[in-house]
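Open your viewer and switch to a cartoon view. Keep the selection panel at hand.

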Amino acid sequence: MNKNILIVVTNHSDIQDGRKTGIWLSEFAEAYVEFIKKGYQVTVASPLGGRSPIDPNSVNDDTPSEILESAVHLENTVRIGDVSIHEFDAVFLPGGHGTMYDLPDDQLLHQLVRNFYEAGKIVAAVCHGPAGLTGVKLSNGQPLVAGKRVNAFTNMEEAQTGLDNVLPFLLESKLRELGAIFVAAPDWTPHLEVDGNLITGQNPQSTLTVTRAVIEKLG
């Protein structure tokens, strides 16, 4: 049976002092390409719909053409408010620092993710994508991540980006505050955690690992 995947991306493009951010292209593209190769249908959504900006630091002269070409799918995303969990088998949240600004406060996203999770559908996120999980509460009022083994971009990795004192919060710290069992691997190494139908990965190097775990769970 054909599978349908919802990828949720950021609309946020600015950090401060003229520094641009957005989606980390490889985290979106590697997942998108892998899902498409598997024959899945993929829909890309964002809080506002329309264009999802690409972090300029995520692209350079060595970026593979397959990754660059996937950027076209970020030009006209659908609004989160216009999608229903009934259309999809899994939701995937790639990262990029932009996600730290708009996804933590997006109530429609939080409702959508809660509905995915409580329906037993896969919720997956990588790097800064788990920022979109921080505001999600289950029907019992508990944070989605409370008591769950999770992974995301670590405080140590963030310190190496030089943005640890600039961002609205540190993702690892926030997840821990919410009661998550945060399991970190060495900096910049592929790592994921699977806790039931919640799948999270640490950094850009973990994107394919998370994507393949989603595919495996979908059977």
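The tour goes from the sheet to its helices, then to one residue and a pocket.

This is a predicted model: local features need pLDDT of at least 70, side-chain atom pairs count only at pLDDT 80 or more, and totals for chains, interfaces and linings use all residues. Residues are numbered from 1 along each chain, and side-chain values use heavy atoms, without hydrogens or water.

**Sheet.** Select the open sheet of seven strands, ordered β3-β2-β1-β4-β5-β9-β8 with mixed pairing. Strands are DSSP runs of E, at least two residues, and helices are runs of H or I, at least four, numbered from the N terminus. Two strands pair if DSSP finds at least two bridges between them. At the edges sit β3 (78-79) and β8 (192-195), each pairing on one side only. Now pick β2 (residues 41-46): it runs parallel to β3, over two bridges. S46 has R79 in β3 as its bridge partner.

**Helices.** Contact means heavy atoms within 4.5 Å. Next, show α4 (residues 107-118), packed on the sheet against β1, β4, β5 and β9 (198-201).

**I67.** Jump to I67 in helix α2 (residues 65-69). Buried or exposed? I67 counts as buried, at 9% relative accessibility (buried means under 20% relative accessible area, with a 1.4 Å probe and protein chains only). Beyond neighbours within four places in sequence, I67 contacts L25, S26, A29 and E30.

Finish with W24, H97, F153, T161 and P204. Of the 18 residues lining the largest pocket, these are the closest to its centre. On a 1 Å grid over the protein atoms alone, a pocket is an open set of points where a 1.4 Å probe fits, with protein on both sides within 12 Å along at least five of seven lines; lining residues have an atom within 4 Å of a point.

Terms used. Axes fitted to C-alpha atoms, helices over the stretch in contact; angles between N-to-C directions. Buried < 20%, exposed > 50% of the residue type's maximum accessible area, 1.4 Å probe, protein only.
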